[in-house]
Amino acid sequence: MAGMPRPRLRRPGDVLLDVEACGICGTDLDILSRPAGHPCRLGVVLGREFVGIVCEVGADVKTLRPGDRVVVEADVPCATCRWCQRGLSSHCEHFSTHGIFVDGGLAPQVAVTARACHRISHSVPAHLAALVEPLARVVNGARLAAVQPGETVAVIGAGPVGLLFCSVLDLAGATVVAVEPSPLRRSLALTMGAVAALDPAADDVPARVLDGTAGFGADVTIDAVGSQLATCLGLVRKGGRVVLVGVAAGATTQVEQGRIVRDEIQVMGAYLGRHVFPSAVRLLEQGRLDLEPMITHRVRLEQLSWAVERLRAGKAAKVIVELQ
Ligand SMILES: [Zn+2]
């Protein structure tokens with residue numbers, strides 16, 4: 001980012017961060033596609049998943065001091081729109097989202113509002129702390145699914161979010177089966193908590209899931225792709241839960257709706273991880289999740305375009321850019 005001016009504190013409630021690390025997410029790839037697959041303000045610094053050290057605080061900031069280490073909720077709600085007023089800030093109409101509408105974490109420094117910051121222990125390595133945003137989404141999805149110890153969960157898609165589900169749900173006492181076409185990602189799923197990783201092109205996935213559940217089907221199925229509702233319904237047991245987490249722009253799916261009714265299946269959407277950031281931070285601080293395997297690449301900012309190509313070619317899982 002040579003030649004870019006050092007960010008300045010413009011509002012008294014802001015803090016300036018020295019960014020330690022920033023993850024590359026699917027939204028970044030969509031923005032960098034031509035034509036762009038996601039809206040973005042022209043000239044904005046990308047990067048939605050970052051951790052940093054507070055180096056300067058605005059006059060009104062009472063909760064943070066220089067030296068504090070924080071992760072940031074990239075989607076900052078306005079707090080005044082009709083959805084925010086109803087307590088549904090995940091559906092704010094005027095998000096000022098870092099890395100999309102305001103500058104994000106792919107730069108040595110970034111200014112953020114103090115209310116979007118959550119302290120995180122210095123004991124968590126920066127490249128792992130940068131995973132807190134997708135981890136918060138996964139915590140939110142896992143809570144909606146109400147997964148119980150001893151249950152079986154089928155996770156469709158073993159990209160970064162699917163892999164985080166494998167790890168979190170394994171820790172929660174579930175038996176996790178991943179379904180993923182990429183050999184790299186299947187192997188990562190097995191390393192990160194899945195007891196089986198099935199290839200939808202080669203394996204009879206419904207038969208394997210029935211075999212593994214005494215003929216009942218999975219208690220919970222999770223779509224971490226964004227287009228797999230029909231697959232989820234084909235694997236879930238009667239009375240089970242389907243949680244849709246991924247978003248594939250424009251995806252439409254035909255399903256047998258009567259199955260949802262007759263078999264009393266709950267289908268839920270889970271989007272942002274607002275309100276569970278502190279839990280995601282705590283999970284990382286506990287150190288019981290082994291998330292190292294999913295970080296296939298730790299790179300410098302200068303290697304960003306190379307890393308993006310690796311991601312596009314399916315040769316990387318999670319890429320973390322280290323800025324210090
Ligand atoms: Zn709002």
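This is a predicted model: local features need pLDDT of at least 70, side-chain atom pairs count only at pLDDT 80 or more; totals for chains, interfaces and linings use all residues.
Residues are numbered from 1 along each chain as its sequence is written, and side-chain values use heavy atoms, with hydrogens and water left out.

Start by selecting 132-145 (helix α4) and 160-171 (helix α5): they pack at about 60 degrees, with axes 9 Å apart. Helices here are DSSP runs of H or I, at least four residues, and strands are runs of E, at least two.

Now show side chains. Pro134, Leu135, Val138, Gly141 and Ala142 in α4 meet Val161, Leu164, Phe165, Val168 and Leu169 in α5, contact being heavy atoms within 4.5 Å. Those residues split into nine nonpolar, one polar and no charged, with Gly counted as polar.

Next, pick Arg69 in strand β3 (69-72). Arg69 is buried, at 4% relative accessible area (buried is under 20%, exposed over 50%, 1.4 Å probe, protein chains only). Its side chain makes a 2.8 Å polar contact with that of Glu20 (N or O atoms within 3.5 Å, one able to donate a hydrogen and the other to accept it). The Arg69 side chain also reaches the backbone oxygen of Ser121 at 2.7 Å.

Last stop: Arg82 in helix α2 (82-85). Arg82 is exposed, at 53%, and its side chain joins that of Glu93 in a polar contact of 3.0 Å.

Methods. Axes are lines fitted to C-alpha atoms, for helices over the stretch in contact, and angles run from 0 to 180 degrees between N-to-C directions.
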